[in-house]
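I opened a new page for this chain today.

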Amino acid sequence: MAVEFIGIDPDTDRDPVWADAEAQEILLQGWKPSTETQADCEASSPANGPVPESEAIVRIPARMIPMIREACDAIERAQLR
């Protein structure tokens, strides 16, 4: 896996963003939602059933949008090669 580090939340010095151009995926680290928020997400989702153990809902602050865009750009650039 060729993971490219994109950036990290400067307000917390945590919550990095990576791009994996080979797999065509963006990887995010963020906060786990509260039990109530998780339940709200599951209840409002068209997906069948709760979030599987192999998956997670993560909270990403809006200030990280530029890094997420950069990760999207990295994936798109890799597709053009």
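**Layout**

I counted the elements to begin with: the chain has two helices and three strands. I am working from a predicted model. Read along the sequence, I get the order β-β-β-α-α. I looked up the extent of the C-alpha trace next. Along its principal axes, the trace spans about 40 × 30 × 20 Å. I also checked burial. Of the 81 residues in the chain, 20% are buried.

**Strands**

How many bridges join β1 to β2? I found six, and the two strands run antiparallel.

I then followed β2 onward. It pairs with strand β3, residues 25-28, in the antiparallel sense, over four bridges. W18 turns up again, with L27 in β3 as its bridge partner.

Next I looked at the turns. The hairpin of β1 and β2 has four residues between the strands. D13 takes a positive phi near 60° in this hairpin. The hairpin of β2 and β3 has four residues between its strands. There, Q24 is the residue I noted with a positive phi near 60°.

**Salt bridges**

I searched for salt bridges and found two in the structure. I took the pair of R63 and D9 to start. Their closest N and O atoms are 2.8 Å apart. Which parts of the chain does this pair link? R63 sits in the loop between α1 (35-44) and α2 (65-80), while D9 belongs to strand β1, residues 3-9. The two are 54 residues apart, so I logged the pair as a link between distant parts of the chain.

R63 also forms a salt bridge with D11, and here the closest N and O atoms are 3.3 Å apart. D11 lies in the loop between β1 and β2 (14-20), 52 residues from R63. This pair, too, links distant parts of the chain. Taken together, D9, D11 and R63 are linked in a network of salt bridges.

I wanted the exposure of these three residues as well. Is D9 buried or exposed? D9 counts as buried because its relative accessibility is 0%, and the cut-off for buried is under 20%. R63 comes out at 37% relative accessibility, so I wrote it down as partly exposed. D11 has a relative accessible area of 56%, which means it is exposed, as the cut-off for exposed is over 50%.

**Negative patch**

Which residues form the negative surface patch? I listed E4, E70, D73 and E76. The largest share of this patch, three residues, comes from α2. I looked at one member in detail. D73 lies in helix α2. Its relative accessible area is 38%, so D73 is partly exposed. A patch residue needs over 30% relative accessible area, and D73 at 38% passes that cut-off.

How values were computed. Residues numbered from 1 in each chain as written. Predicted model: local features only at pLDDT ≥ 70, side-chain atom pairs only at ≥ 80, totals over all residues. Heavy atoms only, no water. Salt bridge = Lys/Arg side-chain N within 4 Å of Asp/Glu carboxyl O. Buried < 20%, exposed > 50% of the residue type's maximum accessible area, 1.4 Å probe, protein only. Pairing = 2+ DSSP bridges. Patch = residues over 30% accessible without salt bridge, like charges linked within 9 Å, V, L, I, M, F, W, Y side chains within 5 Å. Areas by Shrake-Rupley, 256 points an atom, 1.4 Å probe, with all protein chains shown as cover. Lys, Arg positive; Asp, Glu negative; His and termini not counted. Charge placed at Lys NZ, Arg CZ, Asp CG, Glu CD.
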